[in-house]
Amino acid sequence: MESKKSNLHVLLVSFPAQGHINPLLRLAKCLASKGLLVTFSTTETIGHMMKEATNTKSTNIGQGELRFEFFSDGWEIDEPQRANLATWMHQLETAGRESFTELINRQSEMGKPVSCIINNPFVPWATDVAAEIEIPCAVLWVQSCAVYSIYYHFQHQLASFPNPDQRDMMLDLPSLPSLEFDDIPDFLTLNPFDSLRKVILSQFKNLDKAFCVLVDSFEELERETIEVMSRISAPIKPVGPLFRSTKNASIRGDIWKAADDCLQWLDSQSPNSVVYVSFGSVVSLSNEQLEELSAGLLKSGTPFLWVVKTPPPDMGSKPELPQGFKEEAEGKGMVVEWCPQEQVLAHSAVSCFLTHCGWNSSMECLTSGVPVVAFPQWGDQNTNAKFLIDVYGVGIRTKKTQREKDGIVVVTRDEVERCIFEVTKGPKAEEIKKNAIKWKEAAEAAVADGGSSHRNIELFVDDIQRMASNQSGFSDQISQS
């Protein structure tokens, strides 16, 4: 059996963004640990950043191997057209597709033909490439099953969605709680996101061509939604939380270099004392919001570790912390450009996570037993915040107000201070922590031997092996005839 697995070659292709790379690479490590040859791929531009920040050398994992190979999108890193999302997505689908096809063909020339391609839905054209070359293809959905349901119902016009003039209208979908206007991914409800909405919904373009849709979630967390959506769309296999499925923490896909000293700083702090603050790899706060957040952190009197990153060249300028903030924060908190978030959330000094509620961050805090201060900005973050607070019961959601002095809508410093207090010391803090621990234990059980996600990974590997055997048998018949 193991020798047959060693002949399997799985190629994973990720959309070139940190929030997509993380779950795809975690799945790659997980599959390699099952004895497979696994190649991880994304664009050369992001690949270069990964090489600068982390280890992207071929590595043996268990009885398997993980390799990295990158393809070109046809543009230089400083190409100004990258700033136009629609133009760049077209470039990725044309030049990127051609280069990706060449990458696949090289594997066959090297005597290591690809047995299965796994893409994430932001590169739906990879499914077309797989179909043309007659390679089985699966998809890793990198958001929640709840968001999958919302997008699916919108795309197929299976429900009435509110528009900006219908903010009092509720959205009711099977297996989900009633959603208010602000709980729905705003790519679907607000006009400024028209171009991004097309990109989001293109995820469903080729899902029916995939033999399986994997999800970075677990049955115990979203069982009813998984069951409902598996009946009306492609079969869904939850395989998460992927960051708990493999222990190879040294193999990372960061596109920013993580600070070396943040874990040592946490070691110097008291247990359950530090607020960890991060808004992921894409969100950049306005200077007005940075002003309120920084003042709120200082006002709370709580030690904090805050990630303030430098965006990639095509994603805008670096946000500016208020003048004098770093001096005032001396001895009270630490500001870093990037950090190993999984290790930070597992640290005993961390008391809560002030987060934008991206799905990777949501899964990581849910399955680390860390309470949440939900600070969503846009997209599926709004929906994730709804579930983290109202369904899973692991935190407090911030409220925005209009600032009196200039009319700008922000989460005020007083609101930041209030939420940190409520989630760590308030009347509901004990219940919130209890719920967080409950989900941590459920997640650990899901990825343990015999757990729901562990079984789904095993079944998925069996599927790849079966399809590879069928292809080989068919090829042998052709050659003999």
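In this predicted model, the side chains of Asp-414 and Lys-299 meet in a salt bridge, with nitrogen and oxygen 2.7 Å apart. The pair links distant parts of the chain, since Asp-414 belongs to helix α15 (residues 413–424) and Lys-299 to helix α10 (residues 287–300), 115 residues apart. Asp-414 is partly exposed, at a relative accessible area of 46%, and Lys-299 is likewise partly exposed, at 42%.

Altogether, 19 salt bridges are counted. In one of them, Arg-26 pairs with Glu-342, the closest N and O atoms being 2.9 Å apart; because Arg-26 lies in helix α2 (residues 18–32) and Glu-342 in helix α12 (residues 341–345), this pair ties together parts that are 316 residues apart in sequence. Arg-26 has a relative accessible area of 7% and is therefore buried.

Helix α4 (residues 85–109) packs against helix α5 (residues 125–133) at an angle of about 40 degrees, with the axes 10 Å apart, which makes α4 oblique to α5. The crossing of the two helices is right-handed. Among the residues in contact are Arg-97 and Phe-100 of α4 and Asp-128, Val-129 and Glu-132 of α5, and by class the contact comprises seven nonpolar, three polar and four charged residues.

Terms used:
Residues are numbered from 1 along each chain as its sequence is written. This is a predicted model: local features need pLDDT of at least 70, side-chain atom pairs count only at pLDDT 80 or more; totals for chains, interfaces and linings use all residues. Side-chain values use heavy atoms; hydrogens and water are left out. Axes are lines fitted to C-alpha atoms, for helices over the stretch in contact, and angles run from 0 to 180 degrees between N-to-C directions. Helices (H or I, at least four residues) and strands (E, at least two) are DSSP runs, numbered from the N terminus. Angles under 35 degrees count as roughly parallel, over 145 as roughly antiparallel, 65 to 115 as roughly perpendicular and the rest as oblique. A crossing is left-handed if the near helix is turned anticlockwise from the far one by less than a right angle, and right-handed if clockwise. Contact means heavy atoms within 4.5 Å. Ala, Val, Leu, Ile, Met, Phe, Trp, Tyr, Cys and Pro count as nonpolar, Asp, Glu, Lys and Arg as charged, and the others, Gly among them, as polar. A salt bridge is a side-chain nitrogen of Lys or Arg within 4 Å of a carboxyl oxygen of Asp or Glu. Buried means under 20% relative accessible area, exposed over 50%, partly exposed in between (1.4 Å probe, protein chains only).
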